[in-house]
Amino acid sequence: MTCRLVCCVLACTLISVHVYGQEQDKIVLSLPALSGQPGQNHTFYVSQLAKIVLPSPQETRVVGGQVTTNTKLGGYLTALFYENEFVCGGTLLKDNIVLTAAHCFLGRMQASEWIVAGGMSTLNQKGIRRHVKDFILSEQFREDDMNMDVAVILLKTPLTGKNIGKLSLCSVGLKPGVELVVSGWGMTNARGRGPQSLLRTVTVPIIHRKNCRAAYQPMAKITDSMICAAVLGNKDACTFDSGGPMVFKKQVCGIVSFGIGCASKRYPGVYTDVLYVKPFIEKSIKALLARR
């Protein structure tokens, strides 16, 4: 899967049906067992699901954000490339440490093929590029439900230069309604294909985990390692924003993880809760710095 997994079999199928097979009016999916319940086959009508999962085609920018520059953000946003292809965003924590999502590494486990670029505002800029020396994924990361979707990267040489900045790790619990800033090169339309050249940013409020869990049942499990945020039907992260930061007062408090659709009227964006996974991040930074 590529970036900000348009997660779960349902979402992946729906997006592909919409793009490649509009003649199909229904799909039958075998959903995995959740919460101790046996798996079941479900029939979904694409036209009905599209109204829930996909944003209105009349919206020119479904994530509801605006074009910005890395300098205006603070220079902390990085772009991660694998075999010279853009994959995910990331956050510079130290001169040689980058925070991102574990799912970005699925099928991409060769450290030598990764490059991290800083100081970029458009994907056609070269920026300041550094090779990756090593990385650590959480051992508790599970691809099936995206639990503990967090990874820490060690760069071969420090990422420093003009307009390069860093963020600190989250130190506050986020209550529902608190607004945070998400930025990246992700798609501005769930029907789109590929990342956007221009960097965009959007402000989204935290949504109560109880409400998020209710919205995603039975499609996905919202674990304790996750937080949710969006203005439903209007503002959200999207595919290729994966791994990028959700920021509160110069602290990275969330990592773009997954969602069903983008700016869906029902499903908020799901982020890794940095405060929850902070012990793993701090332990990983210490271990990676010891390998220099």
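Predicted model: local features only at pLDDT ≥ 70, side-chain atom pairs only at ≥ 80, totals over all residues.
Let's begin with strand 12 and its partners. Look at Ile207: its bridge partner in strand 13 is Cys228. That contact belongs to an antiparallel pairing, in which strand 12 and strand 13, residues 226–229, are joined by 2 bridges.

Now, which residue of strand 12 is the bridge partner of Gly184? That would be Arg200. Here we are looking at strand 11, residues 179–184, which pairs with strand 12 over 6 bridges, again in the antiparallel sense. Arg200 also stands opposite Val67, and the strand on that side is strand 3, residues 66–67, which runs antiparallel to strand 12 and is joined to it by 2 bridges.

Let's move over to the barrel. How many strands close into it, and in what order? There are 6, in the order 4-5-6-9-8-7, with antiparallel pairing. On average, neighbouring strands of this sheet are turned by 40° against each other, ignoring direction. Helix 5, residues 274–289, packs on the sheet, where it touches strand 5 (85–94), strand 6 (97–100), strand 8 and strand 9. The helix direction makes about 30° with that of strand 9.

While we are at strand 9, residues 151–155, please follow it across to strand 8, residues 128–137: these two run antiparallel and are joined by 5 bridges.

Where is the cis peptide bond? It joins Gln217 and Pro218, with omega at about 0°. Pro218 is found in the loop between helix 4 (209–216) and strand 13.

Then have a look at the loop between strand 14 (245–248) and strand 15 (251–258), where Lys249 lies. Lys249 has a positive phi of about 50°, although it is not a glycine. Lys250 is found in the loop between strand 14 and strand 15 as well, and its phi is positive too, at about 65°, although Lys250 is not a glycine either.

Are these lysines buried or exposed? Lys249 is exposed, with a relative accessible area of 67%, and Lys250 counts as exposed at 69% relative accessibility.

Thanks, everyone!

Notes: Residues numbered from 1 in each chain as written. Heavy atoms only, no water. Pairing = 2+ DSSP bridges. Helix = DSSP H or I, 4+ residues; strand = E, 2+ residues; numbered from the N terminus. Axes fitted to C-alpha atoms, helices over the stretch in contact; angles between N-to-C directions. Contact = heavy atoms within 4.5 Å. Buried < 20%, exposed > 50% of the residue type's maximum accessible area, 1.4 Å probe, protein only.
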